[in-house]
Number of protein chains: 2
Amino acid sequence: MNKLQTDILEKGFKVTPQRLAILKYLKENRVHPTAEKIYSEITKEYPAISLTTVYKTLASFVEVGMVKELDIDPHKMRFDICTEDHNHFHCRVCDNVYDVDCDGSTITGDLHSSTKIEGHKVDTVDIHLKGVCRYCEAVSS
Amino acid sequence: MNKLQTDILEKGFKVTPQRLAILKYLKENRVHPTAEKIYSEITKEYPAISLTTVYKTLASFVEVGMVKELDIDPHKMRFDICTEDHNHFHCRVCDNVYDVDCDGSTITGDLHSSTKIEGHKVDTVDIHLKGVCRYCEAVSS
DNA sequence: GTTCGTGCAAATCTTTTGCAGTTTC
DNA sequence: GAAACTGCAAAAGATTTGCACGAAC
């Protein structure tokens, strides 16, 4: 019984090859993939999976907090294995999303589950940076 | 010649009743509406407008910087008349988006058009707060 | 064996596009 | 009158749903 299986069982899910493949992909590839990306990558080694299942599985994982939805990209949802707080940078050239460690604690440090800002109860704070990533910048200059 | 007309002309656009209606709505209703919302609100007083035109007009306004796209809401785009920097709070109960003045300058203050974070050139910083708004919180308690 | 998961096909929802006719300047 | 704008209908892209079959426990 490996770690992936345990993670799935702990949440009350049944262990299926599809779920293992998705979880494994997410853990090994921290690229904030879209559902389509996960699907196409997994299909390479594991053809017996459908896009529908990817969506349904991701929805289940999100519901129990294993995975986080990242709406930094205007027209499609991206998914991120939950880890400690970090923020995201979206490159408008290559469309990739990168983790960044910029100091958000100046804001997030003030926030707890009960924190209110202008009367609104704040659960999460996401900092979305946009621009041109180091790789695209290098190519264009 | 009123202010709305001037705003539109200055950007090199032709002044049409549709554009005036959209701009007027956006200026008077800072609720970060979706395209659909703008359409349905405008239609009440001005039935001769199509959703397609709303989308096309918004795209034009975004292109010249009059309007900003706000992707805080997972499945639909919201639009905001550009003003000075501010941040947004998305209520997961009523689905409304509110402006907030929480101090993002601790982060954004460090950022200029040439600022880099971990090598990435940062153009914009958006802080997205999510939770339950003051009104929904009041109702539920 | 029961419950849960999968996957097809079809539906839904938002947004975009092609194009012909209309309006603005 | 030329260039830009509008709006219909159709297309496109992402995601969801209904349902029958199959797998996990």
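A polar contact is a pair of N or O atoms within 3.5 Å; within protein, one atom must be able to donate a hydrogen and the other to accept it, and residues adjacent in sequence count only if both atoms are side-chain atoms.

The model is predicted: local features need pLDDT of at least 70, side-chain atom pairs count only at pLDDT 80 or more, and totals for chains, interfaces and linings use all residues. Residues are numbered from 1 along each chain as its sequence is written, chains are lettered from A and ligands numbered from 1 in the order in which they are written, and side-chain values use heavy atoms, without hydrogens and water.

**Chain A**

Chain A contains 6 helices and 6 strands; helices (H or I, at least four residues) and strands (E, at least two) are DSSP runs, numbered from the N terminus. Along the sequence their order is α-α-α-α-β-β-β-β-α-β-β-α. Of its 141 residues, 43% are buried, that is, under 20% relative accessible area (1.4 Å probe, protein chains only).

**DNA strand C**

A residue is near a strand if one of its heavy atoms lies within 4 Å of it. DNA strand C is surrounded by 21 residues, the closest being A:Lys14, A:Arg19, A:Lys56, B:Tyr55 and B:Met77. Of the atoms of DNA strand C that come within 4 Å of the protein, 71% belong to sugar and phosphate. Helix 4 of chain A contributes the most to this surface, with 4 residues.

**DNA strand D**

Around DNA strand D there are 23 residues, and A:Tyr55, A:Met77, B:Thr16, B:Arg19 and B:Lys56 come nearest. Sugar and phosphate again make up 71% of the atoms of DNA strand D within 4 Å of the protein. Here helix 4 of chain B gives the most, with 4 residues. The surface near DNA strand D comprises 8 nonpolar, 9 polar and 6 charged residues. In this division Ala, Val, Leu, Ile, Met, Phe, Trp, Tyr, Cys and Pro count as nonpolar, Asp, Glu, Lys and Arg as charged, and the others, Gly among them, as polar.

| Residue and part | DNA atom | Distance |
|---|---|---|
| A:Lys14, side chain | base oxygen, DNA strand C | 2.5 Å |
| A:Arg19, side chain | phosphate oxygen, DNA strand C | 2.4 Å |
| A:Ala48, backbone | phosphate oxygen, DNA strand C | 2.8 Å |
| A:Lys56, side chain | base oxygen, DNA strand D | 3.1 Å |
| B:Ser50, backbone | phosphate oxygen, DNA strand D | 3.2 Å |

Key
Buried means under 20% relative accessible area, exposed over 50%, partly exposed in between (1.4 Å probe, protein chains only).
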